[in-house]
Amino acid sequence: SRMHFPVTTLGPGRRIGIWLQGCSIRCPGCISMDTWATDRGRTSVAQVMEMVRGWLPEAGGITLSGGEPFDQPEALDRCPHERSV
């Protein structure tokens, strides 16, 4: 649906906010009803990663929101993972 940086209200620090499009839950009182529809624009994981890459040096984390991110488990699983020890 959209991305924004910095987001300072959805977790600690300055975060990258990624709102996914599509929601099967549709909670009463949802503040993001515009993300419920599944027939809106599409993007690729590569396009999202390209945009996010420029924000990463300044970001304290990433917040996934929506819509419902877990309605798209395959796309979330394809995102590169970095693990620190």
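A residue is called buried when under 20% of its relative accessible area is left, exposed when over 50% is, and partly exposed in between (1.4 Å probe, protein chains only). By that rule, 31% of the 85 residues of the protein chain count as buried.

Before going further, a word on what you are looking at. This is a predicted model, in which local features need pLDDT of at least 70 and side-chain atom pairs count only at pLDDT 80 or more, while totals for chains, interfaces and linings use all residues. Residues are numbered from 1 along each chain as its sequence is written, and side-chain values use heavy atoms, leaving out hydrogens and water. The predictor's confidence in each residue, pLDDT, runs from 0 to 100; its mean for the protein chain is 87.

Now follow the chain. It has 2 helices and 3 strands, in the order β-β-α-β-α along the sequence. Both kinds of element are DSSP runs (helices H or I, at least four residues; strands E, at least two), numbered from the N terminus. Confidence is highest in strand E1 (residues 2-7), at a mean of 95, and lowest in helix H2 (residues 73-78), at 81.

Which rings form the aromatic pair? Rings of Phe, Tyr and Trp (its six-membered ring) pair if their centres lie within 6.5 Å; planes under 30 degrees apart count as stacked, over 60 as edge-to-face and the rest as tilted. The whole structure holds 1 such pair: Phe-5 and Trp-55, with centres 5.9 Å apart and planes at 25°, so the pair is stacked. Phe-5 lies in strand E1 and Trp-55 in helix H1 (residues 45-55), 50 residues apart. Both Phe-5 and Trp-55 are buried.
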